[in-house]
Amino acid sequence: MSVDAASFRQALGQFASGVTVVTTRDAAGRPLGLTVSAFCSVSLRPPLVLVCIDHRSEANAGMRESGLFAVNVLAADQEDVSRRFAAPGRAKLEGFAFAVGEHGLPLVPGALAHVECRVRSFHDEGDHAVWVGEVRTLSAHPGRPLLYHAGEYRRLAEGSASGKPGGDRL
């Protein structure tokens, strides 16, 4: 049985994911970034995370050159940031006011978490590069995350993330 791209996308779109912006710098020190939903933890000891980035993205070259990247976990009110960084090219970076992390990485202000990583390994797989990063510094702030499911942005219902039983429903 052959799996076509549309069916594959539809089936995997049923998996709800958080939304991140992955950032790095190019060889000249200019910021690069893109929206990424393929992000997960890999290991606690050492602390490792994984991101998958389309080969067409300039961020791949920046990550290879700098050896560093940051994952910015977007808050529910940052859909506009996600849409901005989902666009191709460098125009999306114009006028965006990044914060700067401990390792000089561009960080998205207002994100729920910032995870700064040193590249540990990368693998070319299909049309994406799979990057594994060792977490060097991080910060987290309370709030509701921006989610993506079935091709649409979603948010947790009011009262979720409150610690109350049954409070985390879509």
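User: What should I know about the model before we start?

Analyst: The model is predicted, so local features need pLDDT of at least 70 and side-chain atom pairs count only at pLDDT 80 or more, while totals for chains, interfaces and linings use all residues. Residues are numbered from 1 along each chain as its sequence is written, and side-chain values use heavy atoms, with hydrogens and water left out.

User: What order do the strands of the open sheet have?

Analyst: The seven strands run in the order β3-β2-β6-β9-β10-β5-β4, with antiparallel pairing. The edge strands, each pairing on one side only, are β3 (31-36) and β4 (39-43). On average, neighbouring strands of this sheet are turned by 35 degrees against each other, direction ignored.

User: What counts as a strand, and what counts as a pair?

Analyst: Strands are DSSP runs of E with at least two residues, and helices are runs of H or I with at least four residues, both numbered from the N terminus. Two strands pair if DSSP finds at least two bridges between them.

User: How many bridges join β9 to β10?

Analyst: Twelve bridges join β9 (residues 113-125) to β10 (residues 128-140), and the two strands run antiparallel. In that region V115 stands opposite L138 in β10.

User: And what about β6, is it enclosed or open?

Analyst: Five of the six residues of β6 are buried, so β6 is largely enclosed by the rest of the structure. Buried means under 20% relative accessible area, exposed means over 50%, and partly exposed is in between, with a 1.4 Å probe and protein chains only. β6 pairs with β2 over four bridges in the antiparallel sense, and V21 stands opposite N72 in β6. β6 also pairs with β9, over six antiparallel bridges, and there A70 stands opposite E116 in β9.

User: Switching to helices. Which strands does α2 lie across?

Analyst: Helix α2 (residues 59-66) lies across β2 (20-25), β3, β5 (48-54), β6 (68-73), β9 and β10, and runs at about 50 degrees to β2. Axes are lines fitted to C-alpha atoms, for helices over the stretch in contact, and angles run from 0 to 180 degrees between N-to-C directions.

User: Which residues of α2 are buried?

Analyst: A59, N60, G62 and M63 are buried in α2. They are on the same side of α2 because they cover an arc of only 165 degrees around the axis. The arc is that of the directions from the helix axis to the C-beta atoms. What covers these buried residues includes β2, β3, β5, β6, β9 and β10.

User: What comes after α2?

Analyst: G67 follows α2 and has a positive phi, near 75 degrees.

User: Where is the cis peptide bond?

Analyst: The peptide bond from R45 to P46 is cis, with omega near -5 degrees. P46 lies in the loop between β4 and β5.

User: What is the phi of A150?

Analyst: Phi of A150 is near 50 degrees, which is positive in a residue other than glycine. Most residues other than glycine have a negative phi, and most peptide bonds are trans. A150 lies in the loop between β11 (146-149) and β12 (152-155) and is partly exposed, with a relative accessible area of 36%.

User: What is P106 in contact with?

Analyst: Leaving aside neighbours within four places in sequence, P106 is in contact with T23, T24, R25, P31, A70, N72, F98 and A99. Contact means heavy atoms within 4.5 Å. P106 lies in strand β8 (residues 106-107) and is buried, with a relative accessible area of 0%.

User: Last topic: how many disulfides are there?

Analyst: The structure holds zero disulfides, a disulfide being a pair of cysteine sulfur atoms within 2.5 Å.
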